[in-house]
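Reader: I would like to learn how to read a few features of a model like this one, beginning with a metal site. Could you take me through them one at a time?

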Amino acid sequence: MEKIRIAIQKSGRLSEKSVNILKEAGISMTNGSRKLLAVSGSYPIEVLYLRDDDIPQYVKDKVADIGIVGENVYAEKGADIEIIERLGFSKCRLSIAIPKQETYTGPEYFEGKRIATSYPVILKRFLDEKGVVAEIHEISGSVEIAPGIGLADGIFDIVSSGSTLISNGLSEVEVVMKSEAVIIGRDDLSQEKQETLNDLLFRLNSVLAATNNKYILLNAPNEKLDEIIDLLPGMKSPTVMPLAESGWSSVHSVLNEKQFWQVIGELRRLGAQGILVIPIEKMIV
Ligand code: PRT
Ligand code: ZN
């Protein structure tokens, strides 16, 4: 069977999570990450370990079929290829920041000014949209020190907690894009590879759905059952079983992480008791 080749980051913030998500999808590599190319004994796949910045070009050149990168790297270097799945991890944003003592007036603040960045394409697109002409100073690392050493008036870089900006005396003034890990690829795979990719995406979706959902069990007073069922749609609808004690039912369902605490609060207000929340190993959607 023709193998599909996936490029992932060799070492850095995405590498461990990329390997893990493949592992959870039942794909383990037989010869480890020390090699440039690893094969799997359990799946028709090869893994190519690269610097993240190189991955879009390898996919474009058909050396790899798909790759896992931050959306920021895709937006900078991924012209002509596509996002085929969002993976939800390594979330961050790309922002413009200026020295905190400056007063920000809007994008026109940057007219004629210098901005240091490793993401010139994304920054230029933003400035063009705003009709601002600024000088983009491309540097490859330690962007945050550029204003302090007089190299630039502002920076455009990845922000996660924001502590790097704070410790360099910078304040975030524009969030230009949000980013998460994504799978990128082309649309010209052979039918055999496309079938493998579809199966891989099905497996990854089951892993992602399981990560984002919890199994919930609770005891509900029967007079509030309808309201409680409305809160818990589940995969189809919740399972409801009578308790030995009359007037009470046991309700089982699946709850999405995003609404988790809000729903728990409403369930308690409706008189639900003995709420148990259990992780889901895989969820076949
Ligand atoms: O060697 P290689 O080129 O492969 O790796 P790299 O050094 O270019 O990338 P790496 O491993 O640092 O990051 C890979 C991807 O992780 C990025 O492209 C983003 O999509 C994502 N990501 C998520 C981050 C962060 N969070 C992050 N916080 N990438 C970088 N950072 C940096 C940020 O630039 C800042 O300087 O971490 C610093 C700390 O951030 P704060 O705001 O939490 O202080
Ligand atoms: Zn990189």
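Reader: Is aspartate 53 to be read as buried, partly exposed or exposed?

Author: This is a predicted model, and in it aspartate 53 has a relative accessibility of 24%, so it counts as partly exposed, the class that begins where the buried one, under 20%, ends. Aspartate 52, with a relative accessible area of 18%, is buried.

Reader: Which ion do Asp52 and Asp53 coordinate, and at what distances?

Author: Asp52 and Asp53 coordinate the zinc ion (ligand 2) through their OD atoms, at 2.0 to 2.1 Å.

Reader: How should I read the geometry of the site of the zinc ion (ligand 2)?

Author: The general idea is to compare the angles with an ideal, which for four tetrahedral donors is 109.5 degrees. Here the angles among the four donor atoms of the zinc ion (ligand 2) run from 75 to 170°, and the site is irregular. Because water is not among the atoms, a site may look incomplete.

Reader: Turning to the sheet, in what order do its five strands lie?

Author: In general, the strands of a sheet pair through backbone hydrogen bonds, either parallel or antiparallel. In this case the sheet is open, its strands follow the order 8-7-9-6-10, and the pairing is mixed. Strand 8 (135–138) and strand 10 (170–179) are the edge strands, each pairing on one side only, and from one strand to the next the twist averages 25°.

Reader: How many bridges join strand 6 to strand 10, and how do these strands run?

Author: Strand 6 (residues 92–99) and strand 10 run antiparallel and are joined by eight bridges; alanine 97 stands opposite glutamate 172 of strand 10.

Reader: Which strands does helix 4 lie across?

Author: Helix 4 (residues 120–130) lies across strands 6, 7, 8, 9 and 10, and runs at about 170° to strand 8.

Reader: What span does helix 6 reach, and which of its residues are buried?

Author: Helix 6 (residues 191–212) has 22 residues and reaches 31 Å from its first C-alpha to its last, close to the 32 Å expected at 1.5 Å a residue. Its buried residues include Leu197, Leu200, Leu201 and Leu204, and Lys193 is also among them.

Reader: Where does lysine 62 lie, and what is its phi?

Author: Lysine 62 lies in the loop between helix 2 (55–60) and strand 4 (66–70), and has a positive phi of about 65° although it is not a glycine. At 51% relative accessibility, lysine 62 counts as exposed. Serine 142, in the loop between strand 8 and strand 9, also has a positive phi, near 45°, and with a relative accessible area of 45% serine 142 is partly exposed.

Key:
Residues numbered from 1 in each chain as written. Chains lettered and ligands numbered in written order. Predicted model: local features only at pLDDT ≥ 70, side-chain atom pairs only at ≥ 80, totals over all residues. Heavy atoms only, no water. Pairing = 2+ DSSP bridges. Helix = DSSP H or I, 4+ residues; strand = E, 2+ residues; numbered from the N terminus. Axes fitted to C-alpha atoms, helices over the stretch in contact; angles between N-to-C directions. Contact = heavy atoms within 4.5 Å. Expected span 1.5 Å × (residues − 1). Buried < 20%, exposed > 50% of the residue type's maximum accessible area, 1.4 Å probe, protein only. Donors = N, O, S within 2.8 Å, 3.2 Å for Na, K, Ca; no water. Tetrahedral: all angles 85-135°; square planar, octahedral: opposite > 155°, others 65-115°.
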